[in-house]
Amino acid sequence: MWAETINQGRRRIPDARSLAYARLPQSCGTKTVQKKIETMEYILYEQKGAYAVLTINREKALNALNSQVLDELNETLDKINLEEVRALVITGAGAKSFVAGADIGEMSNLTKAEGEAFGKKGNDVFRKIEEFPIPVIAAVNGFALGGGCEISMSCDIRICSDNAVFGQPEVGLGITPGFGGTQRLARLVSPGMAKQLIYTARNIKAEEAYRIGLVNQVISAEVDEAGNVVKTAQENLLAAAEKMAQTIAQNAPIAVRNCKKAINEGLQTDMDHAIVIEEKLFGDCFETEDQKAGMGNFLEKDKEKKLKVVPFKNR
């Protein structure tokens, strides 16, 4: 959960970057407009139509997580307009680090009770991400160590640049993972592999993370025939994550949310009960306008009336 914080702590004066711009999704039937969303010291948020990008912006400290970052992340999640936003991308500022871990400077002198409270703070936020009604994509650029690996695992999908590094180095610092690392890693890559990575505190590179199933996709830089970099891996990473978010956002949002709920809740129980969860969520879809629109368009015989993309209304 933790990595050493670099350059701890001077508050910066908010500048123009502390304002992000949002647009209402065209599918809402409202004229597309821009509106300012005031962001916080360490969190940037930008709504782009029907999806949004949330950036952990503590670059000088490699986006390490302290209490303020966790509080701002929690508050930002609460403010997301789920009537408009249908998918969320979480990434880190800069090219070096997604999230390098939690702030050792803050943790080093904690008591047992304070340590438990700090762990709960992180777990509450990460659990909120995991249970967030809409899909959440982690765009992992660079270091994802300790808390960085843990926050990525709380997302539905992980895409990383080819310079990404993952790990749970906590036992080398005298502690355990504290933001869900022992639980989510074992569920994602198998208990045996999780134990090996956690017990040895070994970091792994992007390709190995892909091989063991920790990430869904690895993104590289784009080069021309002469070998010159046309687009960096980080540029391609964010583009790929946003393209996926946009693709998800084009589908029926209630159906997508119900799929996430069915998968997440089903994994917590046995198959017989999991199927019942799916049946109920499947049935709920038949009360929506989007189901009528989607199936109606599929059955439409008139080629002039048939739509390539159904404008689902989240109703």
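This note goes through salt bridges, a helix pair, loop residues and a surface patch.

1. Basis. The model is predicted, and local features need pLDDT of at least 70, side-chain atom pairs count only at pLDDT 80 or more, and totals for chains, interfaces and linings use all residues. Residues are numbered from 1 along each chain as its sequence is written, and side-chain values use heavy atoms, with hydrogens and water left out.

2. Salt bridges overall. The structure holds 15 salt bridges, the term meaning a side-chain nitrogen of Lys or Arg within 4 Å of a carboxyl oxygen of Asp or Glu. Side chains of opposite charge can pair when their charged atoms come close. One network of salt bridges links R127, E130, E131 and R184.

3. R127 and E130. In this salt bridge the closest N and O atoms are 2.6 Å apart. Both residues lie in helix α3, three residues apart, about one turn of the helix. Helices (H or I, at least four residues) and strands (E, at least two) are DSSP runs, numbered from the N terminus. R127 has a relative accessible area of 37% and is partly exposed; here buried means under 20% relative accessible area, exposed over 50%, and partly exposed in between, with a 1.4 Å probe and protein chains only.

4. D156 and K260. The closest N and O atoms of this salt bridge are 2.8 Å apart. D156 is in the loop between α4 (147–153) and β11 (157–161) and K260 is in helix α9 (residues 253–266), so the pair ties together parts that are 104 residues apart in sequence. D156 is partly exposed, at 27% relative accessible area, whereas K260 is buried, at 8%.

5. R211 and E208. These side chains meet in a salt bridge of 3.5 Å, N to O. Helix α7 (residues 206–211) holds both, three residues apart, about one turn of the helix. R211 counts as exposed, with 59% relative accessibility.

6. Helices α1 and α3. Helix α1 (residues 67–79) packs with helix α3 (residues 112–130) at an angle of about 30°, their axes 10 Å apart. Axes are lines fitted to C-alpha atoms, for helices over the stretch in contact, and angles run from 0 to 180 degrees between N-to-C directions. The two helices are therefore roughly parallel to each other, since angles under 35 degrees count as such, over 145 as roughly antiparallel, 65 to 115 as roughly perpendicular and the rest as oblique.

7. E59 is partly exposed, at 45% relative accessible area, and its C-alpha atom is 8.5 Å from that of K96, 37 residues away along the chain. N63 is buried, at 0%.

8. Positive phi. Most residues other than glycine have a negative phi. N63 has a positive phi, near 60°. A201, also not a glycine, has a positive phi of about 60°. A201 lies in the loop between α6 (191–200) and β13 (204–205) and is partly exposed, at 23% relative accessibility.

9. F286 and the nonpolar patch. F286 sits in the loop between α10 (271–284) and α11 (289–299) and is partly exposed, at 37% relative accessibility. F282, F286 and M295 make a nonpolar surface patch of about 320 Å². Patches are made of residues with over 30% relative accessible area and no salt bridge: like charges are joined within 9 Å, nonpolar side chains (Val, Leu, Ile, Met, Phe, Trp, Tyr) within 5 Å. Accessible areas come from the Shrake-Rupley method with a 1.4 Å probe; for residues, only the protein chains shown count as cover. F286 and A255 are 31 residues apart in sequence, with a C-alpha to C-alpha separation of 9.8 Å.
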